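Here is a short report on a protein model. Look at the structure first, then read on.

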Amino acid sequence: MTLKDVALKIRPMAYAPYSGFKVGAAILSKGGKAFAGVNVENVAYPEGTCAEAGAIAAMVAAGETEIIEAYVVADCPSPVPPCGGCRQKLSEFAGPDVVITLATTDGQEQTYKMSDLLPGVFTLRHMENVK
Ligand code: THU
């Protein structure tokens, strides 16, 4: 299965009773495994946890910390943009040249490098003056 297949297959499993907006994410780890995630909302925090965060959590729980490719899909008029927080979360595990594909369920796709999705990313380097 391609990352696209994984993300499309998992998307209907999203728990999104507040927004109704279901998102599927799939990431490929350096170890060659695909990990899937969906958004999970809750009544106290209706924005919930994003699909990308779910896929990252699955990867980390499996002992991996490097993303080499990612795919995110939702039913929207143009390819779904990851929220700001997800861009930072992805960049924790994805280098600047990692390709992230954003997609719609009807087949539109846009590909970006991680560094294009989050220019000027905050990194550990910015804290190096801390004593
Ligand atoms: N959402 C994601 O899961 N990923 C994105 O990239 C954009 C937004 C979710 C969060 C929330 O459950 C719903 O979409 C509406 O914001």
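The accessible surface of the protein comes to about 7400 Å², and carbon and sulfur atoms hold 57% of that area. Such areas come from the Shrake-Rupley method with a 1.4 Å probe, and for residues only the protein chains shown count as cover. This is a predicted model: local features need pLDDT of at least 70, side-chain atom pairs count only at pLDDT 80 or more, and totals for chains, interfaces and linings use all residues. Residues are numbered from 1 along each chain as its sequence is written, and side-chain values use heavy atoms, with hydrogens and water left out.

Of the 131 residues, 37% are buried (under 20% relative accessible area, with a 1.4 Å probe and protein chains only).

Four helices and five strands build the protein. Both are DSSP runs: helices are H or I with at least four residues, strands are E with at least two, and numbering starts at the N terminus. Their order along the sequence is α-β-β-α-β-α-β-β-α.

Along its principal axes, the C-alpha trace spans about 45 × 35 × 30 Å. Contacts (heavy atoms within 4.5 Å) also reach along the chain. Among those between residues at least 6 apart in sequence, 59% join residues at least 24 apart.

The lining of the largest pocket divides as follows.

| Class in the lining | Residues |
|---|---|
| Nonpolar (Ala, Val, Leu, Ile, Met, Phe, Trp, Tyr, Cys, Pro) | ten residues |
| Polar (the others, Gly among them) | two residues |

Note on methods
Buried < 20%, exposed > 50% of the residue type's maximum accessible area, 1.4 Å probe, protein only.
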